[in-house]
Amino acid sequence: MATWSSRGLRGSTLEEFINHTNERYTEMGLALIQKIPTPITPVRMDQQSRHITLAYFDKISTVDYIGAVQGIPVCFDAKECKADTFPLQNVHEHQIDFMDKFERQGGISFLLIYYTEREELYYMRYRQIRKFWDRACQGGRKSVRFEELEPDWFFGLKQGYFVPYLDMIQKDLELRD
């Protein structure tokens, strides 16, 4: 059984931005995307702050977000990266398997990677994730260098907090046709 120990607010900024974006997309009738909570069983709590400090994952989770955009099934995971090298250990085999099955069912799977130092977002299509994943499984590099990423899939936050990922999904769909 996997354990989890609090590492602060790692990843929470991007998730807050995405959650806000998802609320706006829902209000506008453009998409219905839900955050999937990771099921955990608390083991130890800090009595003063009432925060969980140690927990066990109940079961393997899928991805962070799942839903539909104009009738198209969509799932994605959100990752933050401080350095210019994205470690593939941040993506788990069960997530790759889930995204693969999701794509086979006609859905769209991707990662949203926020390069915090550069303040840039990257939309990594499942096809690209799979390429890097397979390379690592075959004994190759176990991370993705910033220079390896396709320039056309970078985008920025709008108004400092809005994550306009629907634009990237549209682009992804156009390339699939």
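The structure is a predicted model, in which local features need a pLDDT of at least 70 and side-chain atom pairs count only at pLDDT 80 or more, while totals for chains, interfaces and linings use all residues. Residues are numbered from 1 along each chain as its sequence is written, and side-chain values use heavy atoms, with hydrogens and water left out.

The protein chain has an average pLDDT of 87, and 85% of the residues score at least 70. Confidence is lowest in strand β1 (residues 3–5), with a mean of 37, and highest in strand β10 (residues 143–145), at 97. The secondary structure comes to 4 helices and 11 strands, where helices (H or I, at least four residues) and strands (E, at least two) are DSSP runs numbered from the N terminus. Of the 177 residues in the protein chain, 38% are buried; buried means under 20% relative accessible area, exposed over 50%, and partly exposed in between (1.4 Å probe, protein chains only). Among contacts with a separation of 6 or more, 64% are accounted for by residues 24 or more positions apart.

The UniProt record, an unreviewed entry, places the feature "binding site" at Thr 62, Asp 64, Asp 77 and Gln 95. These positions are spread over 34 residues of sequence, yet they cluster in space, with a largest C-alpha distance of 9.6 Å. UniProt positions are given in the numbering used here, feature names are shortened, and annotations may be inferred rather than shown by experiment.

| Residue | Relative accessibility | Class |
|---|---|---|
| Asp 64 | 12% | buried |
| Asp 77 | 1% | buried |
| Gln 95 | 6% | buried |
| Glu 16 | 53% | exposed |

Asp 64 lies in the loop between β4 (51–57) and β5 (65–69), and, leaving aside neighbours within four places in sequence, Asp 64 is in contact with residues including Glu 15, Lys 35, Phe 76 and Asp 77. Asp 77 belongs to strand β6 (residues 72–81), and its contacts, counted with the exclusion of neighbours within four places, include Asp 64, Gln 95 and Leu 111.

Gln 95 is found in helix α2 (residues 93–104). The side chains of Asp 77 and Gln 95 make a polar contact at 3.2 Å, a polar contact being a pair of N or O atoms within 3.5 Å, of which, within protein, one must be able to donate a hydrogen and the other to accept it, and residues adjacent in sequence count only if both atoms are side-chain atoms. The side chain of Gln 95 also reaches the backbone oxygen of Thr 62 at 3.3 Å.

Glu 16 lies in helix α1 (residues 12–27). Glu 16 and Tyr 161 are 145 residues apart in sequence, but 8.5 Å apart in space, C-alpha to C-alpha.

In helix α4, Tyr 165, Leu 166, Met 168, Ile 169 and Asp 172 are buried. They cover an arc of only 155° around the axis, which puts them on the same side of α4; the arc is that of the directions from the helix axis to the C-beta atoms.

Methods
Contact = heavy atoms within 4.5 Å. pLDDT = per-residue confidence, 0-100.
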